[in-house]
Amino acid sequence: MRLTAAEVARRADGEVVAGAPDAVITSWTFDSRAVEPGACFVALMGDRDGHDFVADAFRAGARVALVERPLRDVDVGEGHALVLTTDVVRGLQAVARSVRHERRDVRVVGVAGSTGKTSTKDLLAATLRPHRVHASPESYNNEFGLPITLLNAPRPASAVVAEMGERFPGDIAALCDIAKPDFGIITNVGLAHAEYLGGEEGAAAVLAELLEALPRRGLAVLNADDRWTPWLAERTEARVVTVGFSDAADHRITDVELDRSLFPTFSMGVWQFQVPIRGAHQVANAAMAAVLANHAFGMMWDDVAFWLRHARASRWRMELTKTESGITVLNDAYNANPASMEAALRALAELDVEGRRIAVLGDMRELGDRGPEAHAAIGDLARELRIDVVVGVGTGGAEIGRRAGSDAFTAGDAAAAIAMVDGLVQPGDAVLVKASRALGLQVVAEHLTDASVDR
């Protein structure tokens, strides 16, 4: 949406303190490395201070910067502007809230859940392509990522798929206050962020905030196989449709098959669907996306099946690569919790390989006092699935390795894991890499896939 610096200032309860009030912006970003010409750069205060990168953003083509302290040493230049507000995040949210209010023709889908929400978002966005859909890039699912998603929806867009993340009670309610979702999907309820949410009970409560925000004319798509679904269904006035393997599901999933590269197919009724994201666990995500496209947007099932095939996963999620030396790498290193770790291990066990199956598994963070038991359970699963070698990274990873069996090794960090894997892996082996994002284990997969060819 095109806005002037003056309009941004008004909506953000700020003021233009330098440059041209009539400077026009056409996009929004908080990453100075991803600035497009005409962008508004949002100077977030995080691990790094975004104010230190305002000059870089202007040089890259930004027209306006939203800041919360004066920057006297920055040359704003002709046709550019600085907008000063007391709190950058709240200012950004206020702008997004006002734009959402003006664009009531746009239908917003909120996607939440303990696991699988990014993949479900990607699958739904592909399916809704005929509706000129705009979706969160990667995992822009928090207090500043969601407003950026809304603000970057182009004028022709008639649908926005907004991923909604949760770490604390009230997080999703706050996002819904900005996005005003018409429809919602909750993938499942699990232990992700249990340290802050208080286990499954707390996770269910915060996910219910999405359902409580839906209008009576809206729609909620829920997982029929999740034990929390009956309770969740009572939290909304919107129509509820369930999807799953259960006989009680409104739309029942059947006939699941995996090909040699782990791509699934499944059926619902007489319709068959191909899922272009790896892993049997993606079937439920794809089915929920398909059902929402049919029920909320009126898409015919054959069109749903056609467009679903065009989905692409976000990076570091079940990326399968075969190196020139014959090593198969399954990179699922974006993040980890008990449910996603189990799904990744089961995918590794299903993979058709000539050599050994090696799992490089690190800590699952933010589980609180449930952490030791959860890591031990993953180790037990690795032993049950007969994973040949486990490399445990970090304290939790070491517990996984200890429970996995005799052929297990430990590494203190990602660098040590690289050195250890180099000494273990052989042509014909398959290597899974997975851990919570904080461990940065994607570098292990990237090291293995240097000079690789995608399969």
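Predicted model: local features only at pLDDT ≥ 70, side-chain atom pairs only at ≥ 80, totals over all residues.

Reader: How are two packed helices described, and what are the values for H10 and H11?

Author: Two packed helices are described by the angle between their axes and the distance between the axes. Here, the axes of H10 (residues 282–297) and H11 (residues 301–308) come within 10 Å and cross at roughly 135°. That angle makes H10 oblique to H11, and the crossing is right-handed.

Reader: Which residues make the contact between H10 and H11?

Author: H10 contributes Ala 286, Ala 290, Val 291, Ala 293 and Asn 294, while H11 contributes Trp 301, Val 304 and Leu 308. These residues divide into 7 nonpolar, 1 polar and no charged.

Reader: At what angle do H3 and H6 pack, and which residues meet?

Author: H3 (residues 88–102) and H6 (residues 171–179) pack at about 50°, with their axes 7 Å apart; they are therefore oblique to each other. Gln 93, Ala 96, Arg 97 and Arg 100 of H3 meet Asp 177, Ile 178 and Ala 179 of H6. This contact comprises 3 nonpolar, 1 polar and 3 charged residues.

Reader: Is Thr 187 buried or exposed?

Author: Buried means under 20% relative accessible area. Thr 187 has 1%, so this residue is buried. Thr 187 lies in the loop between strand E11 (183–186) and helix H7 (194–197).

Reader: What surrounds Thr 187?

Author: Beyond residues up to four places away in sequence, Thr 187 touches several residues, among them Gly 113, Lys 117, Asn 223 and Met 288. A polar atom of the Thr 187 side chain lies 2.5 Å from the backbone oxygen of Thr 115.

Note on methods:
Residues numbered from 1 in each chain as written. Heavy atoms only, no water. Axes fitted to C-alpha atoms, helices over the stretch in contact; angles between N-to-C directions. Helix = DSSP H or I, 4+ residues; strand = E, 2+ residues; numbered from the N terminus. Parallel < 35°, antiparallel > 145°, perpendicular 65-115°, else oblique. Left-handed = near helix turned anticlockwise from the far one by under 90°. Contact = heavy atoms within 4.5 Å. Nonpolar A, V, L, I, M, F, W, Y, C, P; charged D, E, K, R; others polar. Buried < 20%, exposed > 50% of the residue type's maximum accessible area, 1.4 Å probe, protein only. Polar contact = N/O pair within 3.5 Å; in protein donor to acceptor, adjacent residues only side chain to side chain.
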